[in-house]
Amino acid sequence: MKNQVLVLDSGYIPRGIVSKERAFTLVMKGSAHVVETSPTAKLRSAGGLEFDAPEIIRVNRYIRVPYRRSKTVSRRAIYERDGYRCVYCGSETDLTLDHVHPKSKGGTNEASNLVTACFPCNVRKGSSLISEIGYSITRSSGELRDIPESWKPYYI
Ligand SMILES: [Zn+2]
């Protein structure tokens with residue numbers, strides 16, 4: 001994770017990971033703001049100035065994630081299934097969706113690959129596989145069971 005910067009969209013939803021250099025470029029271009037800087041790492045600009053290296057940036061736009069029609073579910077449906085709690089720590093605030101198997105490693109947007117995670121857990125997890133960093137999912141089943149009728153309006 002050394003040279004990686006988490007990218008949030010304007011809704012503070014984690015959208016990806018870029019290199020520190022790329023993040024710095026986005027910020028310099030005015031396309032993103034720094035949310036969190038590294039306490040240690042520095043970046044040197046072309047003009048020789050030193051900057052705290054970003055660790056989290058937020059881009060200025062809301063990123064719509066393209067969903068495939070059939071197998072994906074809405075954010076709300078996942079929250080409903082997980083009882084509006086982070087599956088990692090049980091927190092009920094700052095909820096986001098997390099890809100159990102990261103998209104960067106081939107994970108999909110299918111319900112079986114999505115869980116409710118609070119923002120701090122999501123950030124900590126980054127694009128790591130949960131087994132790599134010792135997280136475990138407390139929910140008993142990773143599979144979406146038969147979908148309740150009430151969720152169907154939320155399917156995209
Ligand atoms: Zn959590």
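Author: Let's start with a term: a residue is buried if 20 or more other C-beta atoms, placed from the backbone, lie within 10 Å of its own, exposed if 12 or fewer do, and partly exposed in between. Helices (H or I, at least four residues) and strands (E, at least two) are DSSP runs, numbered from the N terminus. This is a predicted model, in which local features need pLDDT of at least 70, side-chain atom pairs count only at pLDDT 80 or more, and totals for chains, interfaces and linings use all residues. Residues are numbered from 1 along each chain as its sequence is written.

Reader: Which residues of helix H1 are buried?

Author: In H1 (residues 20–28), they are Lys 20, Ala 23, Phe 24 and Leu 26. Seen down the helix axis, the directions to their C-beta atoms fall within an arc of 160 degrees, so these residues line one face of H1. Glu 21 and Met 28 are exposed, on the face turned away from the buried side. After H1 comes Gly 30, with a positive phi near 85 degrees.

Reader: Thanks! How many helices and strands does the protein chain have?

Author: There are four helices and six strands, in the order β-β-α-β-β-α-β-β-α-α along the sequence.

Reader: And in what sense do S3 and S4 run, parallel or antiparallel?

Author: Two strands pair if DSSP finds at least two bridges between them. S3 (residues 32–44) and S4 are antiparallel, joined by eight bridges; Lys 42, for instance, has Asp 52 in S4 as its bridge partner. S3 and S4 make a hairpin with five residues between them, and Gly 48 in the turn has a positive phi of about 90 degrees. S4 (residues 50–59) also pairs with S1 (residues 4–8), in the parallel sense over three bridges. There, Leu 6 has Ile 56 in S4 as its bridge partner.

Reader: Which residues touch the most other members of the largest nonpolar core?

Author: A nonpolar core is a set of buried Ala, Val, Leu, Ile, Met, Phe, Trp, Tyr and Cys residues joined through C-beta atoms within 7 Å. The largest has 13 residues, and Ile 78, Cys 86 and Ala 117 touch the most other members. Helix H2 (75–81), strand S5 (95–99) and strand S6 (114–118) each give two or more residues to this core, and S6 gives the largest share, four. Another core lies apart from it, with nine residues, including Val 5, Leu 6, Val 7 and Ala 32.

Reader: What is Cys 86 in contact with?

Author: Contact means C-beta atoms, placed from the backbone, within 7 Å. Leaving aside neighbours within four places in sequence, Cys 86 contacts Ser 91, Leu 95, Thr 116, Ala 117, Cys 118 and Cys 121.

Note on methods: Contact = placed C-beta atoms within 7 Å.
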